[in-house]
Amino acid sequence: MTRSIDDLNSLHLDVLREIGNIGAGNAATSLSVMIQKKVDMKVPEVKIMDIGEVPGILGGEENLVSGIYFGMGGAVNGNIMVLMDIHSAKMLTSMLMGKSPDTIKFDEEVPLDDMDRSALQEIGNILSASYITSLASLTNLRIDLSPPSLCVDMAGAILSVPAIQFGEISDHVLMIENRLFDGNNEVTANFFLIPDENSFDTLLEALGVS
Amino acid sequence: MAELIKVGMADLKITKSPSVLTTLGLGSCVGIALYDLDIKLAGLAHIMLPDSTQIKNNANKAKFADTALEILLQELKKAGAQKSNIVAKIAGGAQMFSMDSQSDIMKIGTRNVLATKKLLEQYKIPLKAEDTGGNYGRTIEIYPDSGKLLVKAIGKGVREL
């Protein structure tokens, strides 16, 4: 039997939340080492949402957001997307580059410069690699991650990519919301885990909750 | 006061002038606007996938180019449109992310556009204008009184088709 997001029960969600927890912990640690500052985190929230609801949490379909997209290979095929609002993207980029967030120009008229773009991709790398590492070690599966692809555009347009992929099997998406803190600065990074139809079963079986 | 009616993802609606139909943030999805200027009636569908027959989970008919177009035409005819007067404009079908491996799913924007055009041809509906492809998102508005299609993109301003 092939299952989809719609068949997840509370036990599955607990397991996914725990993976998100460990992943976020790893991510906070890696970021903290990189910027040589303390980075705190909140317990991540795992949400199953109707596709149509997702742009709302990012300020609407036309709001400028940043999406970093990865392919998964190995034992689990599919994609991961890290989605951040512009405030969070600016904060993280400035932390990594050691600049003040105000110096990062980033709006509808001025696109990101190349250095900031690659910093943002690197942040996406750290966040998703932390998450995938925790998923791989808990499942004993080998999961490879492709290089990142960055897109800064309307929330609706970026979200159409995971929505279409989920759309082939379900009308819902699986999202893990991570909140990180550096002092008073709060950033939110949303993960979308998009396993292929068959990989979803592989994951649940490996986690022992099938 | 003209009302702006929102069409969500995998959704379709029709309206008469002076109301305007809009769909926000089209990425790889395609916005299909059909209108009949004689009676100033327009319909808009926001489709996500090209073909309902390829997918098991196909209950939502507005999600697929083939079934959405069929329903949109039915609704326009029910509201008084003449099939011979109906023309189309389309927008969207972008590739938002570039990946090394060009898997089918990454080319979904192109596939959506091709499927839409092929269907319009089958139904013999003239395609008056299109703004498709590229790597950026679009918001569109269709005006039933003039058939004007506004396309907005971030950093690119507004285009009128």
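In this predicted model, the backbone nitrogen of B:D38 lies 2.9 Å from a polar atom of the B:D36 side chain. B:D36 itself belongs to strand β4 of chain B, which covers residues 30–36. Its relative accessibility is 2%. B:D36 therefore counts as buried, the cut-off being under 20%. Leaving out residues up to four places away in sequence, B:D36 touches B:L41, B:A81, B:Q82 and B:N85. B:S146 is 110 residues from B:D36 in sequence. In space, the C-alpha atoms of B:D36 and B:S146 are 9.5 Å apart.

The setting of this residue is chain B. Chain B contains 2 helices and 10 strands. From the N terminus, the order of elements is β-β-β-β-β-α-β-α-β-β-β-β. The radius of gyration of chain B is 15 Å, close to the 15 Å given by the globule rule for 161 residues, so chain B is as compact as a globular protein of that length. Along the principal axes, the C-alpha atoms of chain B fill a box of roughly 50 × 35 × 25 Å. Of the 161 residues in chain B, 55% are buried. Contacts in chain B were also sorted by sequence separation. Among those between residues at least 6 apart, 61% join residues at least 24 apart.

Chain B also meets chain A. The contact takes 33 residues from chain A and 31 residues from chain B. The size of an interface is often given as the accessible area lost when the parts come together. Here, the area buried between chain A and chain B is about 2500 Å². Carbon and sulfur atoms give 67% of that area. On the chain A side, A:M154, A:I164 and A:E168 lose the most area to chain B. Together these residues account for 24% of what that side buries.

The rule finds 1 salt bridge between chain A and chain B. B:K6 forms a salt bridge with A:E61, with the closest N and O atoms 3.0 Å apart. In chain A, β3 (64–74), β4 (78–85), β6 (149–154) and α5 (155–167) each supply at least two residues of the side that touches chain B. α5(A) gives the most to this side, with 9 residues. By residue class, the side of chain A that touches chain B divides into 15 nonpolar, 11 polar and 7 charged residues.

Technical notes. Residues numbered from 1 in each chain as written. Chains lettered and ligands numbered in written order. Predicted model: local features only at pLDDT ≥ 70, side-chain atom pairs only at ≥ 80, totals over all residues. Heavy atoms only, no water. Contact = heavy atoms within 4.5 Å. Buried area = accessible area lost by both parts, 1.4 Å probe. Salt bridge = Lys/Arg side-chain N within 4 Å of Asp/Glu carboxyl O. Helix = DSSP H or I, 4+ residues; strand = E, 2+ residues; numbered from the N terminus. Nonpolar A, V, L, I, M, F, W, Y, C, P; charged D, E, K, R; others polar. Buried < 20%, exposed > 50% of the residue type's maximum accessible area, 1.4 Å probe, protein only. Polar contact = N/O pair within 3.5 Å; in protein donor to acceptor, adjacent residues only side chain to side chain. Rg over C-alpha atoms; globule rule 2.2 N^0.38 Å.
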